[in-house]
Amino acid sequence: MARKAASRLKTRYVCAACGSVQLRWSGRCPECGEWNTLVEEVVEDRPSLSSAALPSTSKPQPLAEIRADALQRWPLPLGEFSRVLGGGIVPGSLVLIGGDPGIGKSTLLLQTAVLAAQHIGTALYVSGEESAQQIKMRAERLGFGSSDLLLLTETNLDAVIQVIESVQPRVCVVDSIQTMYVDALESSPGTVTQVRECAQRLQTVAKARNIAIFIVGHVTKEGTLAGPKVLEHIVDTVLQLEGDRFHAFRILRSLKNRFGATSEVGVFEMTGEGMREVTNPSEAFLAERVAHVPGSTVAVTMEGTRPLLVEVQALTSPTQAPLPRRTANGFDYNRLFLLLAVLSARLRFNLNARDVFVNIVGGLTIEEPAADLAAAVAIASAYLGKPVPPEVALIGEVGLSGEVRSVSQISQRLHEAAKLGFSRCVIPKTARKVESPPAGMRVLPVRSVGEALDMVLNGAPQQ
Ligand SMILES: Nc1ncnc2c1ncn2[C@@H]1O[C@H](COP(=O)(O)OP(=O)(O)OP(=O)(O)O)[C@@H](O)[C@H]1O
Ligand SMILES: [Mg+2]
Ligand SMILES: [Zn+2]
C-alpha cells in the first residue's frame, strides 16, 4: 500500500539570482555560484501558464515586409526620464525600475503616470504596496490631487489584467512586481516563480495590447534586484534609480534597453514636491563648491552621452593605526588604491601613515577612469595643503607608471567645462588634438600625474 507520491507536496529550490531550478538545497547555487540564493518553492505541475496566454494568431512574416520606420514613441514632458528611455515611452514595452527602498521609485512613477494621463491617454496606477489614501496623499503633495489618473490597489495579477483589459490604458504602472501573485501558483508573492510568472504575463499583455507597462522591482540588501536576474531577461528595459539617502540628487540609469542606448542617465532632485528634473547637472553638482580649499578638484566625466562636472574631495590625516584607513565614497575603491600606489611609488608621497578619504560630492558614483587624474590631484592637494586654482578642471585616466592616459570625448568634456566657466583644463597629452578648443579655455596637456601636479600646484611634494 504505497502512498501516492503525488499526494505529497513536492518542493524544489529556485535560485533567486539566476532562476535555475535545483532538486535539493545547497548553500551555493551550482549554476551561477552565488551563495544563499536557493529558495524553497512548491512545485506546480501545470504547463507554463504564460505560453497558454500567448495569442494563437502568430504567423511568420517576410523580413522585407516588416515596416521598421521609426519606432513610435510617446513623448513625456519629463525630459530626463524620456532621455533615459531613449526618447520617450515605447508602446508595447515592459520597463522595470529598480532601486533601494525609499529612493523615490513610487514618486517618479506616480509623476510619470499623471503626466501620461495628461498627455498620452488613459493611465492606470496599480499599487500592491500602498492604500489608495496613501497614494492620494502623495499625489496631493506633488500637486496632482485632481488628475484623472486611474488608481487600483490590488495584488492579484489576474484581477489587474482584467482591469487593464477593461479600461485599456496606454500607460500602466505596477508597484511593485514583488507584491503581485498569480492564483494558479502556490508559492507566495515575491518568490522567483511568482515574480517571473507575473512579469511574463505583463509582458504578454503589453505586447498584445500595445501598452507601456512600468514595473517597480525592489532591490535586496546586496543591491541586486530582488527575485531574479530572470526578471531582467523578461523585460525590455531595465532602469535603476540611484542616489544616496543623504543627498537630494537621484540618477536614473538605463542598464538594458531594447529600444535605445544604455548608459544613458537622467538626473533628478528629490524635493517635497516630488522629483524635479535637473537639466543642468554639472551646475547642480558644483553648486556648493568652496574655492581655494586644499583637497578639492573638479573632474569632467561622461554619464552616457552627457559630460558631467563633479567635485572630487580628498582628505588625508595622520594616523597611528598600523593599517591606515582608505575610504572611497562614489569612487572606485580599487582605483583609489591604484592612485595611492602611484603617488607613493612614483611621486614619493608618504601616505603610509595617513588615512585617506575620497568623496564624490552630491552622492554620485563615478565608474569611468577619466576622473582618476582629478582624484589623484585632489589627494596630492590635500596632502600638500595646497589648493588647486578654482578655474581648473581635470580629465584623464591614470596608469600604473603614473602616466596620464587618454579618454574618450575630450572635446565634449572641454566644452562642458568651458560652459561652466572653467578657463583651464588639464588633459592627457596623448589625446587626439582638440580641433577647436572652446573660446576662453586654455588646454594643458600632461604626460604624467607629476606634470599635472607641477602645473596646478606648482611645486614638488614636500617630504
Ligand atoms: N512630506 C515629504 N516631503 C518631502 N519628501 C518626502 C515626504 N514624504 C516622503 N518624502 C520622500 O519620499 C521618499 C519616499 O519616496 P517613494 O515612496 O517614492 O520611494 P520608493 O522608492 O517607492 O520607496 P519604497 O521602496 O518604500 O516603495 C522618502 O524617502 C522621502 O525622502
Ligand atoms: Mg514605493
Ligand atoms: Zn543561481
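**Entry 1. The chain as a whole**

I began with the overall content of the predicted chain. I counted 12 helices and 21 strands in its secondary structure. Along the principal axes, I found that the C-alpha atoms fill a box of roughly 85 × 60 × 50 Å. I then looked up burial, and buried residues make up 43% of the 463 residues. For contacts with a separation of 6 or more, I noted that 67% come from residues 24 or more positions apart.

**Entry 2. Helix α9**

I turned to α9, which runs over residues 333-347 and has 15 residues. Its first and last C-alpha atoms are 20 Å apart, close to the 21 Å expected at 1.5 Å a residue. Which residues of α9 are buried? I recorded Arg335, Leu336, Leu339, Leu340, Val342 and Leu343. They lie on the same side of α9, because they cover an arc of only 155° around the axis. I recalled that an α-helix has 3.6 residues a turn, so residues three or four places apart point the same way. On the other side of α9, I found Tyr333, Asn334 and Ala345 exposed.

I next asked what the buried residues of α9 pack against. The strands are β15 (326-329), β16 (354-360) and β18 (397-398), and the helices are α10 (372-384) and α12 (449-457). After α9 comes arginine 348, and I noted its positive phi, near 60°.

For α9 and α10, I read an angle of about 55° and axes 10 Å apart. That angle makes α9 oblique to α10. The crossing of α9 past α10 is right-handed. On the α9 side I listed Arg335, Leu339, Val342 and Leu343, which meet Asp372, Ala375, Ala376, Ile379 and Ala380 in α10.

For α10 and α12, I found that the axes come within 10 Å and cross at roughly 55°. α10 is therefore oblique to α12. I noted this crossing, too, as right-handed. From α10, the residues Leu373, Ala376, Val377, Ala380, Ser381 and Leu384 meet Val449, Ala452, Leu453, Val456 and Leu457 in α12.

**Entry 3. α5 and α6**

I then examined helix α5 (residues 157-167) and helix α6 (residues 192-209), whose axes come within 11 Å and cross at roughly 10°. α5 and α6 are therefore roughly parallel to each other. I recorded the contact as made by Leu157, Ile161 and Ile164 of α5 with Cys198, Arg201 and Val205 of α6.

α6 has 18 residues, and I read a reach of 26 Å from its first C-alpha to its last, close to the 26 Å expected at 1.5 Å a residue. How many residues of α6 are buried? I found 13 of the 18, and α6 is thus mostly covered. Asparagine 210 follows α6 and has a positive phi, near 60°.

**Entry 4. Arginine 413**

I located arginine 413 in helix α11 (residues 410-419). Is arginine 413 buried or exposed? It is buried, because 25 other C-beta atoms lie within 10 Å, where 20 or more are required. Leaving aside neighbours within four places in sequence, I found arginine 413 in contact with Val300, Pro307 and Ile395. I also looked up valine 278, 135 residues away along the chain; its C-alpha is separated from that of arginine 413 by 19 Å.

**Entry 5. Backbone features in loops**

Aspartate 175 and serine 176 are joined by a cis peptide bond, with omega about 0°. I placed serine 176 in the loop between β7 (171-175) and α6.

Histidine 292 has a positive phi, near 65°, and I found it in the loop between α8 (281-286) and β13 (296-303). Histidine 292 counts as exposed because it has 9 C-beta neighbours inside 10 Å.

Glutamine 409 is not a glycine, yet I read a positive phi of about 50°. I placed glutamine 409 in the loop between β19 (404-405) and α11. With 17 other C-beta atoms within 10 Å, glutamine 409 is partly exposed.

Note on methods. Residues are numbered from 1 along each chain as its sequence is written. Chains are lettered from A and ligands numbered from 1 in the order in which they are written. This is a predicted model: local features need pLDDT of at least 70, side-chain atom pairs count only at pLDDT 80 or more; totals for chains, interfaces and linings use all residues. Helices (H or I, at least four residues) and strands (E, at least two) are DSSP runs, numbered from the N terminus. The expected span of a helix is 1.5 Å times one less than its number of residues. A residue is buried if 20 or more other C-beta atoms lie within 10 Å of its own, exposed if 12 or fewer, and partly exposed in between; C-beta atoms are placed from the backbone. The arc is that of the directions from the helix axis to the C-beta atoms. Two residues are in contact if their C-beta atoms, placed from the backbone, lie within 7 Å. Axes are lines fitted to C-alpha atoms, for helices over the stretch in contact, and angles run from 0 to 180 degrees between N-to-C directions. Angles under 35 degrees count as roughly parallel, over 145 as roughly antiparallel, 65 to 115 as roughly perpendicular and the rest as oblique. A crossing is left-handed if the near helix is turned anticlockwise from the far one by less than a right angle, and right-handed if clockwise.
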